[in-house]
Amino acid sequence: MLAGPDLLLAPHPSYEFLAPADCDAADLDWSFRAARLLLAEPADAAIAAILRMIGEASGSDRAWMVEYGDDQTSIRNTFVECRCHAGPHVPALQDASATMFAELHRPLAAGRAVMISRRTEGRPPTARPLQAEMRRQADPTILAVPIVHGGRLRAALGFETVHRRWPGAEVRALFRCAELVALVRYGRGAGAPDGPDRSPMIHLRGIRGTRGVEPDAIVCLRSARNRTDILLADGARVVDPRAFGLWSSLLPLARFVQVHRTAIVNLRHVRGVRRERDATCWFLEVRHLDQPLSVSRPYRAELKARLGL
């Protein structure tokens, strides 16, 4: 994962971030029942049954699992279990841009579960896409638990209800269920889920609207106070209203590397590295960029490894 300061969101009354250690020690039998299903059934059938089992046990209106594309720029609903009165909302979330749910993605990428209440006032502008989706789904309370494998966020289990909150014991049990699902879904010998048929797009917001671009079209991103200045290969610049720290968890890991606390570059546009002052100062030559980028000391080892230097 790209290095970057403060992957978590600023505190807000409607958000609650939970690590396993933050949850009650009391245990439920959900992980045992999940393990039994995963051993007895094919993976897809078992995951659907787990969502149904936990959804019924917790009184959730909707239970789902979203998975990320290989480069983490797109998400899609792969499993949805609903009560009879709750619609699935599956088609709208097929191959959606991960930036659509950036406010949910950031803490998940940091290994935290996220509980979002129905209270929406005062949220930052970057939360508007998520707010719109919540309103479309009758404004539920949402709990999302990360599914991590190989040190990378691969998916999330999600539960929605308009009737209750989730106590710590249930969240702790869900972390264990997520770990079991990760081992079966993404572990050694597991068949990789089908990816999107087309190249995923990253959707940038500018003053003239939203522009979808392929990852290779992005040259570099630089912090611009509370916004992000994004340079594209066609020479265009987009000043996106989302904060720079958000992008470290959204960009494809295979393509991008952070070189400064205020700069991320696409490795496919790097021409070379220049060292000055007895190799104490490093500068990165980047295509389509007039001035070289300074490389801070904390990021040099990662850059050398990624460029094979």
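Visitor: What should I know about the model before we start?
Guide: Residues are numbered from 1 along each chain as its sequence is written, and side-chain values use heavy atoms, with hydrogens and water left out. This is a predicted model, in which local features need pLDDT of at least 70 and side-chain atom pairs count only at pLDDT 80 or more, while totals for chains, interfaces and linings use all residues.

Visitor: How many helices and strands does the protein chain have?
Guide: The protein chain has 7 helices and 17 strands. Helices (H or I, at least four residues) and strands (E, at least two) are DSSP runs, numbered from the N terminus.

Visitor: And what share of the residues counts as buried?
Guide: Of the 309 residues in the protein chain, 50% are buried. Buried means under 20% relative accessible area, exposed means over 50%, and partly exposed lies in between (1.4 Å probe, protein chains only).

Visitor: Which residues have the most contacts inside the largest nonpolar core?
Guide: They are Leu51, Ile54, Met65, Ile147 and Phe159, in a core of 31 residues. A nonpolar core is a set of buried Ala, Val, Leu, Ile, Met, Phe, Trp, Tyr and Cys residues joined through side-chain atoms within 4.5 Å.

Visitor: Which elements give two or more residues to this core?
Guide: Among them are helix H1 (30–40), helix H2 (43–58), strand S6 (141–149) and helix H5 (168–186). H5 gives the most, with 9 residues. Another core, of 16 residues, lies apart from this one and includes Ala263, Leu267, Leu284 and Leu293.

Visitor: What is Ile147 in contact with?
Guide: Leaving aside neighbours within four places in sequence, the contacts of Ile147 include Met65, Leu153, Leu157, Ala178, Val181 and Tyr186. Contact means heavy atoms within 4.5 Å.

Visitor: How do H2 and H5 cross?
Guide: Their axes come within 11 Å and cross at roughly 175 degrees. That makes H2 roughly antiparallel to H5. Axes are lines fitted to C-alpha atoms, for helices over the stretch in contact, and angles run from 0 to 180 degrees between N-to-C directions. Angles under 35 degrees count as roughly parallel, over 145 as roughly antiparallel, 65 to 115 as roughly perpendicular and the rest as oblique.

Visitor: Which residues meet there?
Guide: Those in H2 include Ile47, Ile50 and Ile54, and those in H5 include Leu174, Cys177 and Val181. The residues of this contact divide into 8 nonpolar, 1 polar and 3 charged. Ala, Val, Leu, Ile, Met, Phe, Trp, Tyr, Cys and Pro count as nonpolar, Asp, Glu, Lys and Arg as charged, and the others, Gly among them, as polar.

Visitor: Changing topic, what is the order of the 3 strands in their open sheet?
Guide: The order is S15-S16-S17, with antiparallel pairing. Strand S15 (270–276) and strand S17 (293–295) stand at the edges with a single partner strand each, so one side of each has no neighbour in the sheet. Two strands pair if DSSP finds at least two bridges between them.

Visitor: Which helix packs on that sheet?
Guide: Helix H7 (residues 300–307) touches S15, S16 and S17, and its direction makes about 45 degrees with that of S16.

Visitor: Last one: is Ser249 buried or exposed?
Guide: Ser249 is buried, with a relative accessible area of 3%. Ser249 lies in the loop between helix H6 (244–247) and S13. Ser249 and Ala110 are 139 residues apart in sequence and 8.5 Å apart in space, C-alpha to C-alpha.
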